[in-house]
Amino acid sequence: MTETAPRPTLEAVAARAGVSRATASRVVNGGDGVREPLVERVRQAVEELGYVPNQAARSLVTRRHDAVAVVIAEPETRVFADPFFALQLRGISKELTAHDNQLVLLLTEGRDDHARVARYLAGGHVDGALVFSLHLDDPLPGLIRGAGIPTVFGGRPDWHGGPEAAVYVDSDNRGGARAAVRHLAGLGRTRIAHITGPLDQTSAADRLQGFRDVRGDADPHLVAESDFTPGGGERAMRELLARRPDLDAVFAANDLAASGALRVLREQGRRVPEDVAVVGFDDMLPVAEGTDPPLTTVRQDIEEMGRIMARLLLRRLDPNATDDPPAGLVLPTTLVRRASA
């Protein structure tokens, strides 16, 4: 049986560095008031001994847990099937890891999970929360506000009774939608349809508004609601073709819905882009480059959105920060042209 070597202690670090235990503790826990030469000696001792601070003890000193909750208001079947969430989580994880923070992922399968998430957030397990994919009637914002922890939202907030100065990061959904529809109109398409996302989410509502900014006089039968999934895109495309078989272009509110629409158009013998031009939204490369034909789409930098969300939260948590983060940050979008339009 192999014996496990004892873990180095803070006392051993202090002895190796030639300082008091209190001084070693201040350095290890990020405290102030220690001269730089002593800081370097303690850090060198930590490295030589392989000392790992006890997180529970460190939290008592710093009142920080170095952990951030990421709350996604969607069931796991959606989160793990949609590459949007993987990209956003990758951006968040990179930023938190760079600042030695842990990511704690919390998903909501339904209403019963909201109270569980709220209890966890209020229980002192994390320093703050990053929350996205909210729906308009979602009680999570109020529950999170009641937990009293700093929060940054992904997407423009628009819930009833929400915080007036919520910190959030979003993309220019409305402007990106306008660019997509103007591109289709510029190709000479006159019967442009729109497959929306779930309209209880601000991203989908803003993209619908961008469509209407350009095609305000569009036939209501040229708009079909979907749910940001390939299956939803298929259902909406069949609905649109049944209503308006003469349509000659489709703007889908995300790439997954566009991929479903492309499958239906191919099944029904419609050539893309000759008969029907198709534009998506997101530019998720595994999806947009993998469709047949490759998808023209509006690019939003999903991974960068995640990084910026985490950066804004860490700034709010920094006791030495001298400025407040902006209440709302909207990132630009760009049209990426491929073969579908």
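View 1. At 2% relative accessibility, F132 counts as buried, where buried means under 20% relative accessible area, exposed means over 50%, and partly exposed lies in between, with a 1.4 Å probe and protein chains only. The model is predicted, and local features therefore need pLDDT of at least 70, side-chain atom pairs count only at pLDDT 80 or more, and totals for chains, interfaces and linings use all residues. Residues are numbered from 1 along each chain as its sequence is written, and side-chain values use heavy atoms, with hydrogens and water left out. A search of the whole structure finds two aromatic pairs, a pair being rings of Phe, Tyr and Trp (its six-membered ring) with centres within 6.5 Å, called stacked if the planes are under 30 degrees apart, edge-to-face if over 60, and tilted for the rest. The rings of F84 and F85 have centres 5.6 Å apart and planes at 90°, so this pair is edge-to-face. F85 and F132 form a stacked pair, with 6.1 Å from centre to centre and 20° between the planes. This second pair links distant parts of the chain, as F85 lies in helix 6 (residues 83–98) and F132 in strand 3 (residues 128–132), 47 residues apart; helices (H or I, at least four residues) and strands (E, at least two) are DSSP runs, numbered from the N terminus. Ring pairs thus link F84, F85 and F132 into a cluster, and F85 counts as buried at 1% relative accessibility.

**View 2. The largest nonpolar core.** This core has 29 residues, and those with the most contacts inside it are I72 and L130; a nonpolar core is a set of buried Ala, Val, Leu, Ile, Met, Phe, Trp, Tyr and Cys residues joined through side-chain atoms within 4.5 Å. The elements that give two or more residues to this core are strand 1 (67–72), helix 6, strand 3, strand 5 (167–171) and helix 14 (302–317), and helix 14 gives the most, with nine residues. At least three residues of this core come from each of domain 2 (67–171 + 304–331) and domain 3 (173–300), the domain bounds being taken from an automatic or database domain assignment. Leaving aside neighbours within four places in sequence, I72 is in contact (heavy atoms within 4.5 Å) with residues including V79, F85, L89, L105 and F132.

**View 3. Helix 14.** Helix 14 has 16 residues and reaches 23 Å from its first C-alpha to its last, close to the 22 Å expected at 1.5 Å a residue, the expected span being 1.5 Å times one less than the number of residues. Among the buried residues of helix 14 are I302, E303, M305, G306 and L317.

**View 4. Helix 11 and its packing partners.** The 14 residues of helix 11 (residues 230–243) should span 20 Å at 1.5 Å a residue, which agrees with the 20 Å between its end C-alpha atoms. Its buried residues are G232, G233, E234, A236, M237, L240 and L241, and they pack against strand 6 (192–195), strand 7 (223–224), strand 8 (249–252) and helix 12 (255–267).

**View 5. A charge over a ring.** The charged end of R207 sits over the ring of F281, 3.8 Å from its centre, a description that requires NZ of Lys or CZ of Arg within 6 Å of the ring centre and within 35 degrees of the ring normal.
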